[in-house]
Amino acid sequence: MSNPPKPLLDLTAVVMQFGALRAVDVAAMSIAIGERRAVIGPNGAGKTTLFNTITGVLRPTSGRIAFDGHDITRQLPHRRAKLGIARTFQITNLFPTLSVMDNMKLALRGLKPRKFSMFGDGALTAEERSIAEHALGMTRLGERQSAIVRDMSYGEQRQLELAMALSSTPRLLLFDEPAAGLSPAERTIVAEIVRSLPRDITVVLIEHDMDLALGLVDYVTCMYEGRVLVEASPAEIRSNATVQDVYLGKARHHA
Amino acid sequence: MTDGERRHPAWVSWASSVGVLAVLATLPFVLKSYHLGIATQILIFAILAMSIDVLAGFSGRTPLCHGAIFGTATYFVIYSVNIWDLPLPAALLVGVAAATVLSAVFAILAVRVSGVYFLLLTLALGLVVWGVCLRWSQVTGGENGLRGDLRRGALADIKVFYAIAAATSLFAYIAMRRFVNSPFGLTLRGIRDSESRMASLGYNVTLHVFLAFVVSGFFAGLAGSIYAVFNNYVSPSAVALPQSVQGLLMAIVGGIGTLVGSYVGAALIIMLELFVSAFTERWQIVLGSVFVAIMLFAPEGIVGKINQLTRRHSQSKNTNP
Ligand SMILES: Nc1ncnc2c1ncn2[C@@H]1O[C@H](COP(=O)(O)OP(=O)(O)O)[C@@H](O)[C@H]1O
Ligand SMILES: [Mg+2]
């Protein structure tokens, strides 16, 4: 890292305070264009809250968030989506009364003027169909296009979370525990999907499963009590005593 | 096949469209004037109920101000014929325009809240309109209201007016159905299901709800304008809270999020009111009981319940090998 590439995402002194709780307190964090980054840390470390400040769900109490050189600290979530920030949700956040394909349509059209077509035909265009079917194929949902989301299994809903993220072409893609609660076979699918993403998409992955996360990324941020505890390569993280203390140690105790 | 909305095969919708048109076309020849007037009223109030359904059923925002929007159109139509001497078609346009502008103002104020806050805020906005109509008596005639003379010439014939109301109602239904099935309509159902997901996908939720509110207000105004011609009279009760509640009840009883349910709800409530009020002055108690029964046994409304049953039926057929 002698000549660091231009950062896509740059956080400076970002603090998110909930009453007395300082959920996020990140002095500096920088993610380069095209980088694959994992954010790990025990439950309650502030990982999801960090994502919420990056995507605009929460406005940080103080600090500055820059995306591609622009200050986005106070921008609304849909504006940040327009700049190319996309995410998946740790707690499944889909459109439960709609079909899989309607969920995909909404994911595809979020940044397209067609979303304002008030009396036009709602059918998929050929281009939309090919993107949607590709994403559904990758997430093994090709046969489930007309299923209503609330009737689907938890695993299928998690797969749809991913398919929706894949169908837009974001510059920064934030995955919040995409494999949480999935079977080993389903986790392999998730890993495959993350690996198959085009290299120009920058990826930040929150993941509890160390083995899964460390195999997918270039660099790892370990958070603890809102702060960045260690930032290092996957190999160094594996052997880092502090990380093992707060993270692996605890995980082992739980297991 | 991938369209999750389409529940029936194409021939069913064709057959039912033809059937409905045939019934609508036959009514003037079989009903007495009085009953044709009731049918006309049902067709008009169904437009109001559908305009409410666009927000309550498809956007997840239940309004209690649509009576005020509806009645504002009624006031404007009668006023502009009486005082400005406008020809009726122009007066109808003024009524729709006034209602649309009013709904845009309401929308700006109410669009940022949802749930019970939306309900209460729109209720309060409706009350303001009612207060103005009641107090500004130089213009609105206060409690006495305004009497119009709108049913001149051919319009005096209820058959002619029925035909106009039916055509307007049909137009409103087709337009609103197209609206809710459009790409924009899908964004409203997305907002109903998850606003945070919509925002993260790049949708400006506030803007979409604002636009839906204005479209909904346009159709409520259309209903109110036609009603002005039907009723030839307007008083503060046209913009009062019970009007908003009744429109909402029609949509709910028929089936929220179904559009056609509004016709069933309007027919049920209007006929029930006429029938029961012949026997007792306390017809609202009966209406209340019917409403409670429907909420208990078919909370998705009559059409909603029918859709649910037919879907379950076709699913059990499909799962058979
Ligand atoms: N909206 C909120 N209001 C108050 N406290 C919150 C809120 N969101 C998260 N927290 C708290 O912030 C801490 C960090 O939570 P979170 O970011 O979800 O952790 P992680 O994703 O690392 O498990 C937790 O103690 C959590 O209870
Ligand atoms: Mg989390």
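# Cavity, pocket and ligand shell

Me: Which element supplies the largest share of the lining of the largest cavity?
Reply: α13(B), with 3 residues. This is a predicted model, in which local features need pLDDT of at least 70 and side-chain atom pairs count only at pLDDT 80 or more, while totals for chains, interfaces and linings use all residues. Residues are numbered from 1 along each chain as its sequence is written, chains are lettered from A and ligands numbered from 1 in the order written, and side-chain values use heavy atoms, without hydrogens and water.

Me: What makes α13(B) an element here?
Reply: Elements are DSSP runs numbered from the N terminus: helices (H or I, at least four residues) and strands (E, at least two). α13 spans 283-297 of chain B. Along with α11 (241-254) of chain B, α13 supplies at least two residues of the cavity lining.

Me: Why is this space called a cavity?
Reply: On a 1 Å grid over the protein atoms alone, a 1.4 Å probe fits there but cannot get out. The structure holds 1 cavity of 30 Å³ or more.

Me: What makes a residue part of its lining, and which residues qualify?
Reply: A lining residue has an atom within 4 Å of a point. Leu249(B), Val253(B), Ile269(B), Leu287(B), Val290(B) and Phe291(B) line the largest cavity.

Me: How do you know the class of those residues?
Reply: Ala, Val, Leu, Ile, Met, Phe, Trp, Tyr, Cys and Pro count as nonpolar, Asp, Glu, Lys and Arg as charged, the others, Gly among them, as polar. The lining therefore has 6 nonpolar, no polar and no charged residues.

Me: What makes a space a pocket instead?
Reply: A pocket is an open set with protein on both sides within 12 Å along at least five of seven lines. The second largest pocket has a volume of about 570 Å³. Of its 33 lining residues, the closest to its centre include Leu166(A), Ser167(A) and Ser168(A). The lining splits into 18 nonpolar, 8 polar and 7 charged. α4(A) gives the most, 6 residues.

Me: How do you know where this pocket lies relative to the domains?
Reply: Domain 1 (1-84 + 173-255) and domain 2 (94-169) of chain A both give lining residues, so the second largest pocket lies between them. The bounds come from an automatic or database domain assignment.

Me: Which element gives the most to the shell around ligand 1?
Reply: α1(A), with 3 residues. The shell divides into 5 nonpolar, 5 polar and 1 charged.

Conventions
Grid points are joined across faces, edges and corners, and a volume is the space filled by probe spheres set on the points.
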